[in-house]
Amino acid sequence: METAVRTQKRVLLIDDDYYICNTISQMLEKENMLVDYENNASDGVKRAIAEKYDAIIVDVHLPGMDGVSLFHILRELAPVSKVILTSGDSLLDVLNEHSNSEIGNFIQKPIDKEKLLKAIGVLTP
């Protein structure tokens with residue numbers, strides 16, 4: 001008996017900007033992905049622990065906790081998920097602000113669809 005293979009990628013988006021979330025959600029849903037959204041770090045962590053995601057997209061500037069700190073927490077608590085940081089700031093600005101942090105996938109806003117799909121693992125580099 002064959003087990004069903006999940007073909008749709010699941011993505012958790014953690015960003016406090018409704019417009020950005022709506023734009024990214026629509027972009028990913030057009031690519032047949034399931035997208036959940038949380039507007040703060042605390043609820044994002046709870047959702048990431050409770051459910052399995054292929055990718056978690058995190059804004060650097062969140063209320064209550066910065067996205068870089070959240071990035072490190074999510075890498076510990078949800079190690080099977082790819083964690084992708086986003087910001088309107090440049091990567092250099094983010095690195096300067098968080099000089100002791102290791103930052104993996106980073107995409108500057110406005111989000112480039114092709115870069116995001118590559119980071120999620122839908123497109124090959």
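Ser-25 is found in helix α1 of this predicted model. With a relative accessibility of 12%, Ser-25 counts as buried, because the cut-off for burial is under 20% relative accessible area. Apart from neighbours within four places in sequence, Ser-25 is in contact with Leu-13 and Val-35. Helix α1 itself spans residues 18-29, and β1 spans residues 10-14. Strand β2 covers residues 34-38.

The wider setting of these elements is as follows. The secondary structure of the protein chain comes to five helices and five strands. Read from the N terminus, the elements run β-α-β-α-β-α-β-α-β-α. The chain has 125 residues, and buried residues make up 42% of them. Taking contacts between residues at least 6 apart in sequence, 63% join residues at least 24 apart. The accessible surface of the chain comes to about 7200 Å², and carbon and sulfur atoms account for 49% of that surface.

The sheet comes next. Strands of a sheet pair through backbone hydrogen bonds, in either a parallel or an antiparallel sense. Here five strands form an open sheet, ordered β2-β1-β3-β4-β5, and the pairing is parallel. β2 and β5 stand at the edges with a single partner strand each, so one side of each has no neighbour in the sheet. From one strand to the next, the twist averages 20°.

β3 sits between β1 and β4 in that order. What is the sense of the pairing between β1 and β3, and over how many bridges does it extend? These two strands pair in the parallel sense, over four bridges. Ile-14 stands opposite Val-58 in β3. On the other pairing, five bridges join β3 to β4, and these strands also run parallel. Ala-55 stands opposite Lys-82 in β4, and the bridge partner of Ile-57 in β4 is Ile-84.

How many of the five residues of β3 are buried? Five of the five are, so the strand is mostly covered by the under-20% criterion. The cover extends to both faces of β3. Ala-55, Ile-57 and Asp-59 are buried on one side, and Ile-56 and Val-58 are buried on the other.

Helix α3 covers residues 67-77, and its buried residues are Gly-67, Val-68, Leu-70, Phe-71 and Leu-74. Seen down the axis of α3, these residues fall within an arc of 155°, so they line one face of the helix. At the start of α3, a side-chain oxygen of Asp-66 reaches to within 3.0 Å of the backbone nitrogen of Val-68.

At the start of α5, a side-chain oxygen of Asp-112 comes to within 3.1 Å of the backbone nitrogen of Glu-114. Which residues of α5 are buried? They are Leu-116, Leu-117, Ala-119 and Ile-120. Around the axis they cover an arc of only 160°, which puts them on the same side of α5. The cover over these buried residues includes β1, α1, β3, β4 (82-87) and β5 (105-108). α5 lies across β1, β3, β4 and β5, and runs at about 155° to β4. Just after α5, Gly-121 takes a positive phi of about 105°.

Lys-113 is found in α5, which spans residues 113-120. Its relative accessible area is 34%. Lys-113 is therefore partly exposed, because that class lies between the under-20% limit for buried and the over-50% limit for exposed. Leaving aside neighbours within four places in sequence, Lys-113 is in contact with Met-27 and Glu-31. Lys-113 and Met-27 are 86 residues apart along the chain, and their C-alpha atoms are separated by 7.2 Å.

Technical notes: Residues are numbered from 1 along each chain as its sequence is written. This is a predicted model: local features need pLDDT of at least 70, side-chain atom pairs count only at pLDDT 80 or more; totals for chains, interfaces and linings use all residues. Side-chain values use heavy atoms; hydrogens and water are left out. Buried means under 20% relative accessible area, exposed over 50%, partly exposed in between (1.4 Å probe, protein chains only). Contact means heavy atoms within 4.5 Å. The arc is that of the directions from the helix axis to the C-beta atoms. A polar contact is a pair of N or O atoms within 3.5 Å; within protein, one must be able to donate a hydrogen and the other to accept it, and residues adjacent in sequence count only if both atoms are side-chain atoms. Two strands pair if DSSP finds at least two bridges between them. Axes are lines fitted to C-alpha atoms, for helices over the stretch in contact, and angles run from 0 to 180 degrees between N-to-C directions. Accessible areas come from the Shrake-Rupley method with a 1.4 Å probe; for residues, only the protein chains shown count as cover.
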